[in-house]
Each structure stands twice: as structure tokens, then as C-alpha cells.
Amino acid sequence: MSKLRELLAEGLRPGVYRWPSTPAVDDVRRDAAAAGFGFVLLDTGEIHDKTGFLDLCATAFDLPRWFGRNWDALADSLSDRSTGSPEVVLWTGLRNLLEHDHDTVDVALQIFAEDTTNSGQLRVLIDEPESPDLLSSLPVL
């Protein structure tokens, strides 16, 4: 049993975590599905700003067409789309976005943290082997 599957089977609580394990995306997707979780990939390896990040979120989370592409709309849309089914969000390429737009990463982390508290649906795993200061307060899996 993989580490992720074991964590999910043990009842990993909703939250935002640093996850320096760097498994293949398909392995994470498979482990999430095997544990009864949905899967969302956020790859910001080519994203440089807030606009690109919000566009990525619209596609990755399958947000409605009326999604307003601002921070309030992201928070509201994540809350509205809560299905009650748990989901694993794998965020890769964070360092690239962080180097180009620190504020976007900071606000996105706050929105995800708020959503995990309110909906109890998301387990956001940040695939980042190193620990930039912005992530230092996040628990490590």
C-alpha cells in the first residue's frame, strides 16, 4: 500500500499539506480513487500570475462558466461545488508560480485552507521537495 493510500485510509483530515514525496501524478490519481477520493491536479509549472492561476482553477475544478475569475469568486465557487465527496488536490509547480507571483500563491493557500475548514472536502497536497518560507507553517506528510 502506498503512503498516500495509507494516509487516506487512516482518515487524513482535510487541510493543506506539504508533501515532498514527489510520486507520479498517475500514482496519486490511482491512490486517491482507490481510497474513494476524487482527484484534482493543479499544475502551475507554466503559470506566472493570478489570471493564469484562476483560469487553471476554473478548468481543474470544473467551475461554472459564470466563475468571475477573482479571489472572492474562487472561494465562493469552491464552496458552492462542494459535493460532500472528499477530494485530493495535487498542486505541482508551485515554486514556478511563487517565483513569479508570491501574492497569488499566498492568497490561494488562504482560500484552500479556508475551504478545507468549511467544507471538509479537500486534502491539498503541495508537491514541493523544498520548503519556501511561505510554506514553512504547513504540516508535512
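**A short tour from aspartate 31**

The side chain of aspartate 31 makes a polar contact with the side chain of serine 2, at 2.5 Å. A polar contact is a pair of N or O atoms within 3.5 Å; within protein, one must be able to donate a hydrogen and the other to accept it, and residues adjacent in sequence count only if both atoms are side-chain atoms.

This is a predicted model: local features need pLDDT of at least 70, side-chain atom pairs count only at pLDDT 80 or more, and totals for chains, interfaces and linings use all residues. Residues are numbered from 1 along each chain as its sequence is written, and side-chain values use heavy atoms, leaving out hydrogens and water.

Stay on aspartate 31. It lies in helix H2, residues 25–34. Helices (H or I, at least four residues) and strands (E, at least two) are DSSP runs, numbered from the N terminus. Aspartate 31 is buried, with a relative accessible area of 5%. Buried means under 20% relative accessible area (1.4 Å probe, protein chains only).

Next, select phenylalanine 37. It sits in the loop between H2 and strand E2 (38–43). Phenylalanine 37 is buried too, at 12% relative accessible area.

Finally, show H4 (residues 71–80) and H6 (residues 102–119). Trp71, Leu74, Ala75, Leu78 and Ser79 in H4 meet Thr104, Val107, Ala108, Ile111, Phe112 and Asp115 in H6. Here contact means heavy atoms within 4.5 Å.

How values were computed:
Axes are lines fitted to C-alpha atoms, for helices over the stretch in contact, and angles run from 0 to 180 degrees between N-to-C directions. Buried means under 20% relative accessible area, exposed over 50%, partly exposed in between (1.4 Å probe, protein chains only).
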